[in-house]
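Let's take a walk through this structure together, beginning at the ligand and then visiting a few residues elsewhere. Keep the viewer open as you read.

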Amino acid sequence: MSITDFTLAIEDLTVSFDGFKAVDSLNLYVDKDELRVVIGPNGAGKTTVLDLICGKTKATQGSIMFKNKELTKLSEHEIVHQGVGRKFQTPSIYENLSVYENLEVSYPKGHGVFGSLAFKRTAEVDKRVREIADEIFLADFLDMEAALLSHGQKQWLEIGMLLIQEPELLMLDEPVAGMSVKEREQTAELLNKICKGRSVLVIEHDMDFVARIAHKVTVLHQGKILAEGDMETVQNDPKVIEVYLGH
Ligand code: ADP
Ligand code: MG
């Protein structure tokens, strides 16, 4: 593949499970500062696309270029190190640690310009933890044990644990599932903020929520792109109405 201006450029991506192509010759391009939403019926291959990007599943064929680096050859750990953060459907937070501690342990090791000056590093980490907590609406919950947070707050905490690592590509799989109306509104506000300076890829079913956040929508169906464009174009596409929105 050639050099590209896209943060993420996926070409001809295919994964076959015992002959069944869950993702089939997919091309997908995501810009910096872009928030892309992927929608589509159950089994369309949405989660598998994220699994392929983060290296959890290995591609059968095709290319995933991230900042002009090929990801399909890298391990999951190396992909995280390249600046790819992924939130799974069930939050993986440390229930018995406080909000503060959850963010603190997620701060990247060996990051920062202060070298071995431990006290400066501590101050830097403390500052970032508080900034992130503020962003994810948990500034007043820093000392609370994570187990006691609401379902929505746990989701935000996990987003915060990714944000503190400053990923250039952030991927979220159904982030508002199970959230209250108010929490959904706040999550939309959060995502609109955090897509600046990076690329964000969101899988979501809640179309009201999608309308609030999507710059562009990609509709997946049987591992292939059925439609792509702005929300209005996609919503009015007869093919999309037939296989997805009509149900
Ligand atoms: P979506 O997230 O759009 O609902 P998935 O990506 O989870 O869909 O799944 C797409 C299809 O691929 C489904 O038919 C699913 O059963 C299949 N699939 C996903 N992962 C695997 C796997 N590791 N092994 C076998 N089949 C899989
Ligand atoms: Mg899924």
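Helix α1 gives the most to the shell around ligand 1, with three residues. Helices here are DSSP runs of H or I with at least four residues, strands are runs of E with at least two, and both are numbered from the N terminus. This is a predicted model, in which local features need pLDDT of at least 70 and side-chain atom pairs count only at pLDDT 80 or more, while totals for chains, interfaces and linings use all residues. Residues are numbered from 1 along each chain as its sequence is written, chains are lettered from A and ligands numbered from 1 in the order in which they are written, and side-chain values use heavy atoms, with hydrogens and water left out.

Which residues surround ligand 1? They are Phe17, Phe20, Ala22, Pro41, Asn42, Gly43, Ala44, Gly45, Lys46, Thr47 and Thr48; a residue is near a molecule if one of its heavy atoms lies within 4 Å of it. By type, the shell divides into five nonpolar, five polar and one charged, where Ala, Val, Leu, Ile, Met, Phe, Trp, Tyr, Cys and Pro count as nonpolar, Asp, Glu, Lys and Arg as charged, and the others, Gly among them, as polar.

Now look at the polar contacts, pairs of N or O atoms within 3.5 Å. A side-chain N or O atom of Thr48 sits 2.5 Å from an oxygen atom of ligand 1. For the side chain of Lys46, the corresponding distance to a ligand 1 oxygen is 2.8 Å, and a backbone N or O atom of Gly45 lies 3.0 Å from a ligand 1 oxygen. On its own, ligand 1 has 570 Å² of accessible area, of which the protein covers 58%, as computed by the Shrake-Rupley method with a 1.4 Å probe.

Next, find His221 in strand β9 (residues 216-221). Leaving out residues up to four places away in sequence, His221 touches Pro41, Ala44, Leu226 and Val243, with contact meaning heavy atoms within 4.5 Å.

Is Thr57 buried or exposed? Thr57 is buried, because its relative accessible area is 16% and buried means under 20%, with exposed over 50% and partly exposed in between (1.4 Å probe, protein chains only). Thr57 is in the loop between α1 (46-53) and β4 (61-66).

How values were computed:
A polar contact is a pair of N or O atoms within 3.5 Å; within protein, one must be able to donate a hydrogen and the other to accept it, and residues adjacent in sequence count only if both atoms are side-chain atoms.
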